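Below is a briefing on strand pairing, helix packing, cavities and salt bridges. The sequence and structure come first.

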Amino acid sequence: MADNGVLPVDKLTISETVKEAEFSQRVLVRSILGRPDGGAGLAGQTLKVGGWVKKGREQGKGSFAFLELNDGSCTANLQLIIYSDVAPLGQFTPTGTSLHVEGVLQMPPADKQGKQSIELKVSKVLDVGAADPAKYPLPKTRLTLEFLRDYVHLRPRTNTISAIARIRNALAYATHTFFQKHGFLYVHTPIITTSDCEGAGEMFQVTTLINDSEKLEKELLKNPPPSQEDVDAARAAVKEKGGIVAKLKSDKADKSAITVAVAELTKAKETLSKIEERFNQKPGIPKKDGKVDYSQDFFARQAFLTVSGQLQVETFACALSSVYTFGPTFRAEHSHTSRHLAEFWMVEPEIAFADIEDDMKCAEAYVRFMCQWLLDNCLDDMEFIAEKFDEHAINRLKMVASTNFVRLTYTEAVTILEEAVSKGHQFENKVEWGIDLASEHEKYLTETKFESPVIVYNYPKGIKAFYMKVNPDNKTVAAMDVLVPKVGELIGGSQREENYEVIKERILEMGLPLEPYEWYLDLRRYGTVKHSGFGLGFERMILFATGIDNIRDVIPFPRFPGRADL
């Protein structure tokens, strides 16, 4: 050991080296500070790091500066010490400054080692991205999540949003790992659709009619359409040229003369066609029989942003057996609650030759797998979340990962809620058979009655979608919801109705037109098969894991009424 406490490079073992990131000229801070010894075993190694300054301060009358550098790979900051003989210090200390530096890892002074196991003494500054402290909108003080929504492009630099981003990444990785491990095929379903899966009608419409109309209005102002006189003149020219051709043929004129006349007639007809086309162009949205004429739209029919990939992914389940889709979905619901977004992500598996029992087993295994994955692979971020936002977050994950979910029918759930009311418990929403369970009912079941995740199944037919399997009692459908503490409903799923006549009747009962669903009915006409599936709201899973209160803070770019930044 050298006098300065730094282990000589020639004494480093293979286990005490750290590699640069494969596609970046730097060592990740996580690979230094994430070691069991906090990086102490790497003392003496020369390496490059890059990141953004969280805090900076000059010391020793301006002879050196301490900088806390974070590169987004973990919650922890690497402390840098840089002396004024390397470069002027003032450019490095402002919060938000980006730095790419080279230096030697060293043990901090003995009286500072409790706070920091290792620090980097900078020997060379490779690059600096300055941040004007007078204008940088994210000061060093603690900022509210609501404030950060106004700086959606900068908020990933904060500890909270970066931790949530890593948790979100871990859950996405866990999702693919779980389904791939169990033999599911990942299918990309369309974002643009002509089917309304939910039947609620709260869909964003995709159309070019408005843009086309605006372009036409500008074009007509710039180049006014031809008049009726212009059209009449063009028609007269065609008639005249046609007469000439007819006369030449009746007179058995020279073939070359007829050819020239026919060419002139053809040209006159083309001119007339263009004039009539422009004459018939009218500003505004095209209409037919008093309604918007979607045959002139981009897809020649009404189209929307999808609310779910379920219907489309069923086509692959009915051929490839076990499949899943994981992508963005959209809902044009004018809701400003902390649980609603206009754009959100859904995980939707679909399993052939599977009934509602299989569906519930898969949903439970998937949720438990994700909880354990966070505990095994993202514990440092979860510890940060538990410290700053929800002290019960980690215990909640442990409980779900190790607990068999309670299962009860919808009727049993209503009975339990009615008993609670009879004993004095007050709900804002009335409890009776036939209602759609409200969030307060779901939380009572999971947090008060059972203190466990709960799967409720066999819901009333009248409150569920047309594609759900009708049970023999003809009153309920084979639907199930997975309810968890903190957020209530996490998963909604069902066995799908495979009987052609029954599902056709259900579509009509819901007041939906048959034509857009003819392809869906084909799955029942040709080789129908028992199948089941569910949808997990990905942002809701993150809310459950983190305990964050507002869904707008767990998605990178939140979209909600009045806001669609970037």
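**Barrel and open sheet**

Gln59 stands opposite Phe64 in strand E2. This is a predicted model, in which local features need pLDDT of at least 70 and side-chain atom pairs count only at pLDDT 80 or more, while totals for chains, interfaces and linings use all residues. Residues are numbered from 1 along each chain as its sequence is written, and side-chain values use heavy atoms, with hydrogens and water left out.

Helices (H or I, at least four residues) and strands (E, at least two) are DSSP runs, numbered from the N terminus. Two strands pair if DSSP finds at least two bridges between them.

**Barrel**

- Five strands close into a barrel in the order E1-E2-E3-E5-E4, with mixed pairing.
- From one strand to the next, the twist averages 55 degrees; axes are lines fitted to C-alpha atoms, for helices over the stretch in contact, and angles run from 0 to 180 degrees between N-to-C directions.
- E1 and E2 run antiparallel and are joined by seven bridges.
- The two strands E1 and E2 form a hairpin with four residues between them, and Gly60 in the turn has a positive phi of about 55 degrees.
- E2 (residues 64-70) is paired with E3 (residues 78-83) in the antiparallel sense over six bridges, and Ala65 stands opposite Ile82 in E3.
- Strand E1 (residues 46-59) is also joined to strand E4 (residues 98-106) by seven bridges, and these strands run antiparallel; here Thr46 stands opposite Val104.

**Open sheet**

- Eight strands form an open sheet in the order E6-E12-E13-E18-E17-E16-E15-E14, again with mixed pairing.
- Its edge strands, each pairing on one side only, are E6 (185-186) and E14 (406-409).
- E14 runs parallel to strand E15 (residues 454-460), with four bridges joining them.
- Thr409 has Tyr457 in E15 as its bridge partner.

**Helices across the sheet**

- Helix H3 (residues 159-181) lies across E6, E12 (322-330), E13 (343-352) and E18 (531-537), and runs at about 155 degrees to E12.
- Helix H15 (residues 538-546) lies across E12, E13, E16 (476-484), E17 (488-495) and E18, and runs at about 55 degrees to E18.

**Cavity**

- The structure holds one cavity of 30 Å³ or more; on a 1 Å grid over the protein atoms alone, a cavity is a set of points where a 1.4 Å probe fits but cannot get out, and lining residues have an atom within 4 Å of a point.
- The largest cavity has a volume of about 50 Å³, volume being the space filled by probe spheres set on the points.
- Its lining consists of Arg149, Val152, Phe557, Pro558, Arg559, Phe560, Arg563, Ala564 and Asp565.
- Five of the lining residues are nonpolar, none polar and four charged; Ala, Val, Leu, Ile, Met, Phe, Trp, Tyr, Cys and Pro count as nonpolar, Asp, Glu, Lys and Arg as charged, and the others, Gly among them, as polar.

**Salt bridges**

- The count is 28 salt bridges, each a side-chain nitrogen of Lys or Arg within 4 Å of a carboxyl oxygen of Asp or Glu.
- One of them links Arg407 and Glu357, whose closest N and O atoms are 2.8 Å apart.
- Arg407 lies in strand E14 and Glu357 in helix H8 (residues 356-377), so this pair ties together parts that are 50 residues apart in sequence.

Conventions: Contact = heavy atoms within 4.5 Å. 1 Å grid on protein atoms, 1.4 Å probe; cavity = no way out; pocket = protein on both sides within 12 Å on 5 of 7 lines; lining within 4 Å.
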